[in-house]
Amino acid sequence: MAKNKEIKTNAMRILETQKISYEMHTYECDEFIDGIQIADMLGLPHEKVYKTLVTQGNSKNYYVFVIPIAEELDMKKAAKSVGEKSVAMLHVKDINAVTGYIRGGCTAIGMKKQYVTRIAREAQQLEKIIVSGGKLGVQLELSPADLAKAAKAEFADIIFVG
């Protein structure tokens, strides 16, 4: 019985403290796989599954963006949404030091510090979205509004339309 207790991530604890309901999805995973593969493994529609991207602006501040797995972050729109001239993706080797999470297990909820966070505005049209649960093999399903509340995020136009 005690085995299930170990799958409690910082993100889940924060959601529970804030009395935000969520559903957990788990899958077998020993190393990074992309969100599309995860969605396919779990039989989830791609438009409901979101990835968390971390960037750094000209000011050296870090910014977090949550977008659908099959979409690309529009760097110009992203920078504008946080008041920067430009933003660049954080190097993979720096993810853990900056966020406290590892690649593939990064979520906007409960990072080492509270970074300015933007969620793609398209998420507002969905009843529920699915994001990383804070470790490989764990995804959390919750309402976009609850994610925004827990991550202290705002919705913005940040997806590349090409």
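The largest share of the lining of the largest pocket, five residues, comes from strand β2. The model is predicted, and local features need pLDDT of at least 70, side-chain atom pairs count only at pLDDT 80 or more, while totals for chains, interfaces and linings use all residues. Residues are numbered from 1 along each chain as its sequence is written, and side-chain values use heavy atoms, with hydrogens and water left out.

## The largest pocket

This pocket has a volume of about 470 Å³. Among the 23 residues that line the largest pocket, Phe32, Lys51, Thr52, Leu53 and Gly104 are the closest to its centre. Both α2 and β2 supply at least two residues of the lining. By class, the lining has 14 nonpolar, six polar and three charged residues. In this classification Ala, Val, Leu, Ile, Met, Phe, Trp, Tyr, Cys and Pro are nonpolar, Asp, Glu, Lys and Arg are charged, and the others, Gly among them, are polar.

Pockets and cavities are both found on a 1 Å grid over the protein atoms alone: a cavity is a set of points where a 1.4 Å probe fits but cannot get out, a pocket is an open set with protein on both sides within 12 Å along at least five of seven lines, and lining residues have an atom within 4 Å of a point. Grid points are joined across faces, edges and corners, and a volume is the space filled by probe spheres set on the points.

Helix α2 spans residues 35–42, and at its start a side-chain oxygen of Asp34 reaches to within 3.0 Å of the backbone nitrogen of Ile36. After α2 comes Gly43, with a positive phi near 65°.

Thr52 lies in strand β2, residues 50–57. At 14% relative accessibility Thr52 counts as buried, a word used for under 20% relative accessible area, with exposed meaning over 50% and partly exposed in between (1.4 Å probe, protein chains only). A polar atom of the Thr52 side chain lies 3.5 Å from the backbone oxygen of Cys106. Leaving aside neighbours within four places in sequence, Thr52 is in contact (heavy atoms within 4.5 Å) with Val64, Phe65, Val66, Cys106, Thr107, Ala108 and Met111.

A disulfide is a pair of cysteine sulfur atoms within 2.5 Å, and by this rule the count is zero. Cys29 is in no disulfide; the nearest cysteine sulfur, that of Cys106, is 14 Å away. Cys106 likewise is in no disulfide, and its nearest cysteine sulfur is that of Cys29. Cys29 is buried, at 17% relative accessible area, and Cys106 is buried at 10%.

## The cavity and Thr117

One cavity of 30 Å³ or more is counted. About 30 Å³ of space lies in the largest cavity, which is lined by Ala108, Met111, Lys113, Gln114, Tyr115 and Thr117. Three of these lining residues are nonpolar, two polar and one charged.

Thr117 is found in strand β5 and is buried, with 1% relative accessibility. A polar atom of the Thr117 side chain lies 2.8 Å from the backbone oxygen of Tyr115. Beyond neighbours within four places in sequence, Thr117 is in contact with Val64, Val66, Ala108, Ala151, Ala153 and Glu154.

Glu141 has its place in strand β7, residues 138–142. The Glu141 side chain makes a polar contact with the side chain of His25 at 2.6 Å. A polar contact is a pair of N or O atoms within 3.5 Å; within protein, one must be able to donate a hydrogen and the other to accept it, and residues adjacent in sequence count only if both atoms are side-chain atoms. Not counting residues up to four places away in sequence, Glu141 touches Tyr22, Glu23, His25, Lys48, Lys128, Ile129 and Ile130.

Gly105 lies in the loop between α4 (95–99) and β5 (116–120). Its contacts, leaving aside neighbours within four places in sequence, are with Ser132, Gly134, Lys135 and Leu136. Gly105 is buried, with a relative accessible area of 0%, and Glu141 is buried at 11%.

The C-alpha separations for these two residues are tabulated below.

| C-alpha pair | Apart along the chain | C-alpha separation |
|---|---|---|
| Glu141 and Ile129 | twelve residues | 5.5 Å |
| Gly105 and Glu31 | 74 residues | 9.9 Å |

Technical notes: Helices (H or I, at least four residues) and strands (E, at least two) are DSSP runs, numbered from the N terminus.
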